[in-house]
Amino acid sequence: MKPGYYFQSDLLQLLLDNLLRDGYTCIGPQVRDGAIIFDRITSVAQLPHGVSDEQAPGSYSLNHSTTSKYFDWANGPQAIKPLLFAPREKLWQSAQSVDGQISFKTSEPDLKPMAVIGARACDIAAMKIQDQHFLQQQFVDPYYRARRENLLIIAVNCARPADTCFCHSTGDGPFVDDSVDSNGADIVLTELQDGFLIEAHSNQGKKILKGLPLHDSTKQHLEESESIKSGASKQNRQLPKFDIKSRLFNELNDEAWHAIATKCLSCGNCTSVCPTCFCHSENDVPELDGKTSSHYREWDSCFSQGHSYIHGITIRSETSQRYRQWLTHKFASWFDQYGRSGCVGCGRCITWCPVGIDVTESLAHFEERRRD
Amino acid sequence: MNKPTVAVHKFSSCDGCQLALLNLGEPLLVLTDLVDILHFAEAGPLDENAKVDIAIIEGSVSTSHDIDRLTKIRDNSTYLMTIGACATSGGLQALRNMADTQQWIADIYANPAVIDSLDNSTAIKDHVKVDLELWGCPINGRQIVMAIRALLFGVLPVEEHDKVCMECKRQQTVCVMVTKNEPCMGPVTRTGCGALCPSVGRDCYGCYGPAENPNTQAMANRLQGLGLIKDEVARRFLFINSAADAFHQQGLRIKEAE
């Protein structure tokens with residue numbers, strides 16, 4: 001790690017105050033309803049100070065941490081995705097005038113500057129994938145773009161991965177890729193025992209650093225950071241090492257899909273918490289008088305019936321087909337679309353699956369089959 | 001041009017779904033501009049035998065004269081829409097289908113002979129053709145407005161049959177099953193309520209009935225994993241929509257396995 005800057009933990013409020021003063025709406029982690037969720041913050045007192053998460057397939061709980069750190073947890077059900085790809089939003093409204101003419105009015109994207117604090121390396125990697133999808137295609141999504149351009153990201157390197165994390169094996173964590181100007185985080189923090197290492201990764205980030213009384217980091221600080229990184233890289237789960245893409249495409253009729261389907265609820269929780277899943281449906285909500293109607297976009301899932309409904313036919317009516325669709329897209333055809341796998345190893349789909357289906361286990365099955 | 005006509009009929013029910021109409025507020029006035037409500041006993045208009053474009057039915061078939069009434073309503077209407085768990089699946093009162101109704105009546109009433117009750121409470125669709133169903137106990141104003149609006153446009157409403165989980169996640173409600181081990185029925189239950197119960201921190205109890213493609217067996221296994229005994233698991237399915245096929249079959253499978 002390069003030498004950088006260091007600041008005492010008690011200066012965290014100053015960072016927040018500076019952002020608020022500059023007009024940012026600040027979004028940060030906090031404890032709510034038994035989980036770490038991201039919502040508006042104005043004070044460091046709202047951060048999950050001394051709180052750790054314990055995650056397992058189908059299970060999430062919070063405990064008192066053995067440290068007094070602010071970021072001694074892995075992740076919660078969501079982070080950046082809902083801030084950029086809104087779970088539900090109005091795209092346009094249509095109105096019919098007295099003479100029967102129909103007019104359309106586009107919803108204006110939200111342009112308020114927003115700063116998110118506490119995003120993880122996996123969240124940044126996932127956001128870059130969503131950037132590819134929403135911004136780097138033939139058609140750019142104006143709503144995503146407006147929010148993305150107005151989003152400042154202060155990421156925090158992971159110190160304590162959950163049992164369900166496997167970002168080390170996907171190459172997306174536990175530390176944020178520290179190449180500057182990678183169009184990811186603007187600022188990256190590493191939380192040490194009594195302070196933070198801070199690095200600017202963008203010009204905007206550099207500006208914000210100027211407003212803080214920083215010290216040069218010492219050799220001890222960097223050693224502590226390296227030790228955190230190597231500790232956080234030791235994770236309990238990993239992706240299998242075989243060529244997942246070709247293996248999945250070669251096993252489309254494998255019995256395994258049916259075996260998983262006996263357990264899978266086809267409820268869509270995995271895809272909703274997945275930070276890279278971008279599927280949505282669109283629907284119209286007319287006013288009762290029939291004169292105006294609003295057109296909405298909302299999160300959908302390949303686990304819903306509507307996802308594969310085309311002109312009177314549901315192509316994937318069975319759960320085995322829906323689960324296969326998810327996995328073969330995320331881990332196989334995603335390479336053709338975006339040049340990489342769609343999985344960043346955050347482990348959310350494992351934790352938030354009500355029946356605890358473990359995607360690393362599902363994939364490993366295909367390795368076992370190969371050895372048969 | 002004559003306005004389309006509507007009738008609201010009640011069978012065995014608590015009237016809560018009719019309240020979804022009565023409690024609409026201002027939209028109720030808009031509605032009366034758009035349609036003529038010819039029969040709606042709870043609101044005032046009375047003309048039970050009126051021929052209408054849309055007949056809305058609350059309640060289940062539960063007494064001996066219900067079937068004749070229902071047949072007439074079907075003959076008198078172009079579209080027949082059931083609202084709520086009672087009309088759509090038999091409702092809470094269908095719990096008696098699994099008990100000895102005559103014995104219950106004998107145990108409870110001083111003069112059982114005056115009680116006119118069929119042994120089973122059944123859904124409207126078990127007796128006449130139903131054109132569309134609104135699930136829920138009770139349904140809400142949004143559902144009924146969307147359904148009537150669609151019919152006035154001359155199309156059938158889009159069916160809402162995804163799992164409650166999808167709506168929970170869109171609202172960013174934290175999963176009560178994963179964080180609190182609540183026996184939430186959301187993963188097998190039809191959406192439409194706005195994920196009301198989980199949004200206030202409690203478990204879904206399935207009042208909107210089965211979602212499409214519900215894996216009730218996996219759900220039952222999970223509930224047992226959470227520590228519910230078989231009888232408790234069976235009761236999660238055999239409750240407000242006990243006669244809805246997917247819930248009924250699963251409930252019985254658990255009971256038989258006991």
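The paragraphs below go through the sheet and then the helices. This is a predicted model, in which local features need pLDDT of at least 70 and side-chain atom pairs count only at pLDDT 80 or more, while totals for chains, interfaces and linings use all residues. Residues are numbered from 1 along each chain as its sequence is written, with chains lettered from A and ligands numbered from 1 in the order in which they are written.

Chain B holds an open sheet of 5 strands in the order 2-1-3-4-5, with parallel pairing. Strands (E, at least two residues) and helices (H or I, at least four) are DSSP runs numbered from the N terminus, and two strands pair if DSSP finds at least two bridges between them. Strand 2 (36-40) and strand 5 (132-134) of chain B are the edge strands, each pairing on one side only. Strand 1 (residues 5-10) and strand 3 (residues 52-58) of chain B run parallel and are joined by 5 bridges; V8(B) stands opposite I56(B) in strand 3 of chain B.

Helix 6 (residues 141-153) of chain B packs on the sheet and touches strand 3, strand 4 and strand 5 of chain B, a contact being two C-beta atoms, placed from the backbone, within 7 Å. Its buried residues include I144(B), I148(B) and L151(B); buried means 20 or more other C-beta atoms within 10 Å of the residue's own, with C-beta atoms placed from the backbone. Strand 13 (280-286) of chain A is among the elements that cover the buried residues of helix 6 of chain B. Just after helix 6 of chain B, G154(B) takes a positive phi of about 90°.

Terms used:
Axes fitted to C-alpha atoms, helices over the stretch in contact; angles between N-to-C directions. Buried ≥ 20, exposed ≤ 12 C-beta atoms within 10 Å, placed from the backbone.
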